[in-house]
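This report describes a few features of one protein structure for a reader who has not seen it before. Please look over the sequence and the model first.

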Amino acid sequence: MKRILTVSVVFLASALVLTAAPRADVLRTVYFSAVDGKGAHVPDLTAADLAVKEGGKERTIAAVQPATKPMTVSILVDDGGTGGFQVAVGQFIQATFGRAEFAIRVLNPQAIKVVDFTQNGDDLRAALGRMGQRGRIPGDGEQMIAGVLDAAKELQQRRTARPSIVALTVTGEKALSDQADEVLNALKASGASLSVVYLTGVELGKVLGDGPKQSGGMIEQVNGNVTLGPVLATMANNLLHQYVLTYTIPDGVKLNEKLSLATSRKGVTLLAPSRLPDK
């Protein structure tokens with residue numbers, strides 16, 4: 001009888017060990033956009049159309065669906081004091097109003113926040129009013145990326161689901177900046193996409209030049225003869241029609257910052273991050 005009880009206890013203990021340690025797969029979430037050859041949103045992507053690799057290893061897609069969570073958008077304006085981005089930024093906010101909260105920084109010459117994150121229309125109109133012609137403001141190429149750094153750190157602290165930074169510049173950035181790696185790492189940690197509109201002829205460095213690709217944002221060049229409204233309308237449309245993709249990291253596998261998202265659909269371009277937060 002004693003032997004039977006001992007065997008039973010051992011069997012029960014073994015069963016508890018087996019049931020107490022189930023697989024603990026990790027799900028990671030990525031926001032991305034998909035556009036066709038004309039830049040229009042592609043509305044019907046499924047998991048069967050996509051392949052995802054993290055750290056060079058294929059991962060199993062758990063779900064792909066339209067993103068519905070509210071956006072958090074930090075807008076950074078470097079217009080040299082001309083007020084030239086005022087109307088287009090207003091149109092961008094109008095297009096995404098009700099689906100996002102906004103903060104706006106204006107270079108003067110440092111990046112000065114003219115409105116903190118808000119969905120209040122009156123506050124946003126007042127902030128836009130401060131973006132009019134203000135006289136010539138010189139830029140040194142460092143203030144813009146310092147503004148991106150401030151925005152990224154702020155978004156990281158807020159920990160919202162769909163953060164993004166929209167930067168508009170007539171100055172650009174220094175090609176070799178001591179801050180560049182710090183800013184790109186902060187951008188990665190925030191999980192925000194960086195989209196950039198820049199004037200033809202200005203210099204871009206690692207942040208404004210590589211940041212959009214690393215973070216899944218857009219980059220658009222404009223000249224003095226181009227109306228900015230349609231450019232920002234395209235950016236607004238891409239943000240409004242993002243997908244949210246969830247994929248599986250097997251139990252025991254460390255997270256990797258390198259992401260590759262591809263599609264088998266011909267003529268479709270994906271705007272997805274290539275670097276992910278470490279957590």
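## Model

The structure is a predicted model.

## Aromatic pair

The count of aromatic pairs comes to one. F32 and Y243 form this pair, with 5.3 Å centre to centre and 20 degrees between the planes, and the pair is stacked. F32 belongs to strand β1 (residues 26–35) and Y243 to strand β10 (residues 243–249), so the pair ties together parts that are 211 residues apart in sequence. Both F32 and Y243 are buried.

## Helix α7

Helix α7 (residues 228–240) has 13 residues, which should span 18 Å at 1.5 Å a residue; the end C-alpha atoms are 18 Å apart, so the two values agree. Buried residues of α7 include L228, V231, L232, M235 and L239.

## Largest pocket

The largest pocket has a volume of about 850 Å³. Its lining consists of 36 residues, and A189, S190, G191, P277 and K279 lie nearest the centre. By class, the lining of the largest pocket has 18 nonpolar, eleven polar and seven charged residues.

Strand β1 gives the most to this lining, with six residues. β1, β7 (162–169), α5 (180–190) and α6 (206–215) each supply at least two residues.

## Second largest pocket

The second largest pocket holds about 210 Å³ of space. It is lined by 15 residues, of which P212, K213, G217, L270 and L271 lie nearest its centre. Nine of the lining residues are nonpolar, four polar and two charged.

β11 (259–263) is among the elements that each supply at least two residues of this lining, and β11 has the largest share, three residues.

Note on methods
Residues are numbered from 1 along each chain as its sequence is written. This is a predicted model: local features need pLDDT of at least 70, side-chain atom pairs count only at pLDDT 80 or more; totals for chains, interfaces and linings use all residues. Side-chain values use heavy atoms; hydrogens and water are left out. Rings of Phe, Tyr and Trp (its six-membered ring) pair if their centres lie within 6.5 Å; planes under 30 degrees apart count as stacked, over 60 as edge-to-face and the rest as tilted. Helices (H or I, at least four residues) and strands (E, at least two) are DSSP runs, numbered from the N terminus. Buried means under 20% relative accessible area, exposed over 50%, partly exposed in between (1.4 Å probe, protein chains only). The expected span of a helix is 1.5 Å times one less than its number of residues. On a 1 Å grid over the protein atoms alone, a cavity is a set of points where a 1.4 Å probe fits but cannot get out, and a pocket is an open set with protein on both sides within 12 Å along at least five of seven lines; lining residues have an atom within 4 Å of a point. Grid points are joined across faces, edges and corners, and a volume is the space filled by probe spheres set on the points. Ala, Val, Leu, Ile, Met, Phe, Trp, Tyr, Cys and Pro count as nonpolar, Asp, Glu, Lys and Arg as charged, and the others, Gly among them, as polar.
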